[in-house]
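Subject: Structure handover

Hi,

Here is the structure I promised to pass on. Please have a look at it first, and then read my notes below.

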Amino acid sequence: MPNTQLVDPFGRRITYLRLSVTDRCDFRCTYCMSEDMVFAPREQILSLEELYTVADAFIGLGVKRIRITGGEPLVRKGLLGLLERLGARPELEDLAITSNGSQLYQMAPQLRAAGVKRLNISLDSLQRERFAAFTRRDKLEQVLAGIEAARAAGFSRIKLNSVVQKGRNDDEVLDLVEFAVERGLDISFIEEMPLGSISSHKREETFCSSAEVRERIEQGYALVRSSRVTGGPSRYWQVVGSETRVGFISPHSHNFCGDCNRVRVTAEGKLVLCLGHEGALDLKALLRAHPGDSQRLREALQNALQLKPERHHFQVEEQVQVLRFMSMTGG
Ligand code: SAM
Ligand code: SF4
């Protein structure tokens with residue numbers, strides 16, 4: 001019988017795909033993009049059909065969870081059609097989206113109807129001016145309305161993602177947890193990663209470790225270790241007496257690679273085996289050279305997986321260790 005799984009040389013089975021559907025975004029978060037970001041020409045971006053073909057190949061190889069990301073996935077035209085096709089695949093246990101929340105006020109019910117099960121929404125500040133400084137867009141109200149729309153649409157376990165920066169929003173950590181607890185949301189705090197060259201700040205000056213964030217939270221809330229393991233970089237804690245789980249995404253402080261179960265595909269169709277490495281396989285070239293040849297695509301994915309690195313080596317001091325921006329790879 002042919003091998004129909006994706007297993008790397010370290011015995012890790014890949015069951016989770018993060019699929020970026022666009023490199024574009026309506027925000028310009030300072031840690032993610034420069035204001036004058038140059039995006040890829042449209043023909044370089046996978047078409048909706050190509051995105052589906054890639055997802056289909058991964059599903060055929062045993063992937064059970066897909067997270068749609070970007071750039072901002074909700075600005076991709078025709079996304080709902082793609083989501084409906086994926087949402088109809090019974091093999092998928094989970095179809096999730098990571099979004100900046102700006103379009104949710106109008107799209108949340110449609111996403112739910114298309115079969116999206118879970119939403120991660122980025123929110124770094126609850127203060128209008130700070131939010132505008134982080135994202136370079138004055139859209140806090142719109143994002144908050146989007147979070148309410150997502151709750152009203154019936155999404156369970158909505159998770160907020162907050163990048164914490166010293167001197168910029170580290171004093172808001174308790175407010176963000178309170179916001180999550182009051183609404184029954186989960187929240188993950190993210191250490192900034194050295195992805196892409198940025199000019200707005202020196203990352204090492206604003207770096208705030210997960211350990212510091214946790215200390216701050218414990219000044220207001222009791223946390224107990226949660227048994228939840230995702231195969232990803234998050235470690236979870238439960239806020240005692242609430243439904244809220246708090247996650248910490250700590251690429252610098254922890255080596256989370258041992259149980260890594262994921263790969264990424266960029267909007268340009270590059271298969272990225274590890275966020276901390278540059279190496280990538282060009283799926284777009286293969287798709288366009290051999291349209292409709294799903295067997296070849298599956299074999300290419302299986303072969304590429306033999307190159308998945310054992311671990312990453314992020315270091316804060318190295319400003320531009322990985323030249324790709326997160327918006328290109330899909331966060
Ligand atoms: N636009 C969507 C959003 O903002 O949620 C999805 C893509 S975004 C690249 C995914 C996540 O990556 C966001 O939560 C964002 O805060 C995070 N992110 C972007 N650049 C980062 C960096 N350099 N270090 C850590 N997290 C980063
Ligand atoms: Fe856009 Fe998300 Fe990057 Fe912010 S983090 S610029 S919302 S892709």
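Strands E5 and E6 (residues 186-190) run parallel and are joined by five bridges; helices (H or I, at least four residues) and strands (E, at least two) are DSSP runs numbered from the N terminus, and two strands pair if DSSP finds at least two bridges between them. Within this pairing, Asn-161 stands opposite Ser-188 in E6. E5 also runs parallel to E4, with three bridges between them, and there Leu-160 is the bridge partner of Ile-121.

Before going further, a word on conventions. This is a predicted model, in which local features need pLDDT of at least 70 and side-chain atom pairs count only at pLDDT 80 or more, while totals for chains, interfaces and linings use all residues. Residues are numbered from 1 along each chain as its sequence is written, chains are lettered from A and ligands numbered from 1 in the order in which they are written, and side-chain values use heavy atoms, with hydrogens and water left out.

Back to the strands. Five of the five residues of E5 are buried, so E5 is largely enclosed by the rest of the structure; buried means under 20% relative accessible area, exposed over 50% and partly exposed in between, with a 1.4 Å probe and protein chains only. In a regular strand the side chains alternate between the two faces of the sheet. In E5, Lys-159, Asn-161 and Val-163 point one way and Leu-160 and Ser-162 the other. Strand E4 (residues 118-122) is mostly covered too, with four of its five residues buried. E4 pairs in the parallel sense with strand E3 (residues 94-99) over four bridges, where Thr-98 has Asn-120 as its bridge partner.

Ligand 2 is surrounded by Cys-25, Phe-27, Cys-29, Cys-32, Met-33, Gly-71 and Asn-100, each with a heavy atom within 4 Å of it. That shell has five nonpolar, two polar and no charged residues; here Ala, Val, Leu, Ile, Met, Phe, Trp, Tyr, Cys and Pro count as nonpolar, Asp, Glu, Lys and Arg as charged, and the others, Gly among them, as polar.

The largest pocket holds about 240 Å³ of space. A pocket is an open set of points on a 1 Å grid over the protein atoms alone, where a 1.4 Å probe fits, with protein on both sides within 12 Å along at least five of seven lines; lining residues have an atom within 4 Å of a point. Grid points are joined across faces, edges and corners, and the volume is the space filled by probe spheres set on the points. The lining includes Arg-24, Arg-42, Arg-76 and Lys-77, and by class it divides into three nonpolar, two polar and four charged residues.

Two backbone angles are worth a look. Most residues other than glycine have a negative phi. Arg-136, in the loop between helix H4 (128-135) and helix H5 (140-152), has a positive phi of about 60° and is partly exposed at 24% relative accessible area. Arg-157, in the loop between H5 and strand E5 (159-163), has a positive phi near 50° and is partly exposed at 32%.

Finally, Ser-250 sits in the loop between strand E9 (245-249) and strand E10 (262-265) and is buried, at 3% relative accessibility.

Best wishes
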